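Please keep the sequence and the coordinates at hand while reading.

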Amino acid sequence: MECFMNAAFTDYKIADLSLAAWGRKEIAIAETEMPGLMAIRQEFTRSQPLKGARITGSLHMTIQTAVLIETLIALGAEVRWASCNIFSTQDHAAAAIAADGIAVFAVKGETLADYWDYTHRIFEWPDGGYSNMILDDGGDATLLLHLGARAEKDAALLNNPGSEEETCLFASIKAKLATDKTWYSTRLAAIKGVTEETTTGVHRLYQMHERGELKFPAINVNDSVTKSKFDNLYGCRESLVDGIKRATDVMIAGKVALIAGYGDVGKGSAQAMRALSAQVWVTEVDPICALQAAMEGYRVVTMDYAADKADIFVTCTGNFHVITHGHMVKMKDQAIVCNIGH
């Protein structure tokens with residue numbers, strides 16, 4: 001694709017449209033690194049198998065995601081997109097997508113209020129129609145429709161937020177219900193199914209299914225072998241150090257790096273830190289995974305033990321209370337705390 005910069009198109013919210021040309025150059029590079037998607041384009045563009053699909057996408061708005069978005073469109077789908085994380089957007093990728101007339105709502109460092117506003121907007125089509133598919137990463141788009149539809153019947157569900165994020169989410173749902181009392185249930189009924197990309201989102205879906213709350217079919221993409229055994233391990237191995245270096249530019253060699261969780265993501269993260277000559281420690285509650293870490297030569301410790309000793313902390317579990325306020329109080333000045341588990 002080429003950037004055409006249609007001045008009449010305004011159905012987007014990004015940081016800077018002038019970044020589009022830079023984004024387009026990186027998309028061209030990424031296409032050579034993603035032969036699977038490019039082969040799908042070549043084989044199926046003529047037959048348009050996704051014609052009629054209206055896809056709401058909630059997935060990190062990166063250069064690689066841009067290749068996915070353009071593949072979906074090449075196969076006939078219509079797409080509206082937002083990032084599934086307030087910090088993960090690559091602004092030049094979002095700009096390139098917007099410049100091609102694709103609805104995208106993603107800004108690196110957006111507020112939580114903006115995040116939930118954008119997640120609502122990817123369900124709102126200019127012609128008044130509805131999404132019929134969700135491509136989710138972490139389950140937030142799926143959660144929004146289900147929780148909103150339940151709140152239509154019982155507003156008390158929104159009375160007691162348990163976190164800052166829930167405060168923003170509940171406020172956004174209340175604001176939408178004040179203008180349209182059936183906004184969520186109407187859109188929920190139009191969804192034919194969801195694909196879920198990551199472990200946390202899959203856990204949410206199983207929990208909803210067990211409670212009898214899941215209103216449409218779901219495809220567990222995360223547990224496909226080519227995702228969990230490749231992206232979680234090898235993809236995270238590449239991206240962890242890249243993220244730390246971009247954010248801090250610190251030297252990693254010689255530092256103590258604490259990897260919290262030794263699943264596939266933790267395994268890749270530990271390998272990455274070892275490759276830069278960090279001393280790698282691992283915390284793990286599962287005895288088999290802990291034994292695997294020990295057999296790989298990593299030191300297995302507790303977070304309580306490591307809190308005042310490690311220089312870099314990486315949570316790889318997707319869970320909470322892995323690092324607590326009490327742990328952070330004990331940490332060294334300038335300790336780096338980061339999360340790669342979602």
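This is a predicted model: local features need pLDDT of at least 70, side-chain atom pairs count only at pLDDT 80 or more; totals for chains, interfaces and linings use all residues.

The strands concerned are β10, which covers residues 312-315, and β11; they pair in the parallel sense over four bridges. Both belong to an open sheet of five strands, arranged in the order β9-β8-β7-β10-β11 with parallel pairing. The edges of this sheet are taken by β9 (299-300) and β11 (336-339); each has a single partner strand, so one side of each is left without a neighbour in the sheet. Helix α12, formed by residues 264-275, lies across β7 (256-260), β8 (279-283) and β10, and runs at about 175° to β7.

Another open sheet consists of six strands in the order β3-β2-β1-β4-β5-β6, again with parallel pairing. Its edge strands are β3 (103-105) and β6 (218-220), each of which pairs on one side only. With direction ignored, neighbouring strands of this sheet are turned by 15° against each other on average. Strand β5 (residues 193-196) runs parallel to β6 and is joined to β6 by three bridges; there, valine 194 has alanine 218 of β6 as its bridge partner. Helix α6, comprising residues 140-153, lies across β1, β4 and β5, with a direction of about 130° to β4.

Attention now turns to helix α3. The buried residues are Ile63, Thr65, Ala66, Val67, Leu68, Ile69, Glu70, Thr71 and Leu72. They are covered by elements including the helices α1 (20-33), α2 (35-44) and α4 (91-99), as well as the strands β1 (54-58), β2 (78-82) and β4 (133-136). Just after α3, glycine 76 adopts a positive phi of about 110°.

Threonine 71 lies in α3, which covers residues 63-74. Its relative accessible area is 3%, and because buried means under 20%, threonine 71 counts as buried. A polar atom of the threonine 71 side chain is 2.8 Å from the backbone oxygen of valine 67. Apart from neighbours within four places in sequence, threonine 71 is in contact with Leu37, Ile40 and Arg41. Leucine 72, also placed in α3, is buried at 12% relative accessibility. With neighbours within four places in sequence left aside, leucine 72 is in contact with Leu50, Ile55, Ala77, Val79, Trp81 and Leu135. The C-alpha atoms of leucine 72 and tyrosine 130 are separated by 17 Å, the two residues being 58 apart along the chain.

The cysteines remain to be considered. A disulfide is a covalent bond between the sulfur atoms of two cysteines. With a cut-off of 2.5 Å between sulfur atoms, the count comes to zero disulfides. Cysteine 84 is in no disulfide, as the nearest cysteine sulfur, belonging to cysteine 236, is 13 Å away. Cysteine 84 is buried, with a relative accessible area of 5%. Cysteine 289 is likewise in no disulfide; the nearest cysteine sulfur is that of cysteine 316, 12 Å away. At 18% relative accessibility, cysteine 289 counts as buried.

Notes: Residues are numbered from 1 along each chain as its sequence is written. Side-chain values use heavy atoms; hydrogens and water are left out. Helices (H or I, at least four residues) and strands (E, at least two) are DSSP runs, numbered from the N terminus. Buried means under 20% relative accessible area, exposed over 50%, partly exposed in between (1.4 Å probe, protein chains only). A polar contact is a pair of N or O atoms within 3.5 Å; within protein, one must be able to donate a hydrogen and the other to accept it, and residues adjacent in sequence count only if both atoms are side-chain atoms. Contact means heavy atoms within 4.5 Å. Two strands pair if DSSP finds at least two bridges between them. Axes are lines fitted to C-alpha atoms, for helices over the stretch in contact, and angles run from 0 to 180 degrees between N-to-C directions.
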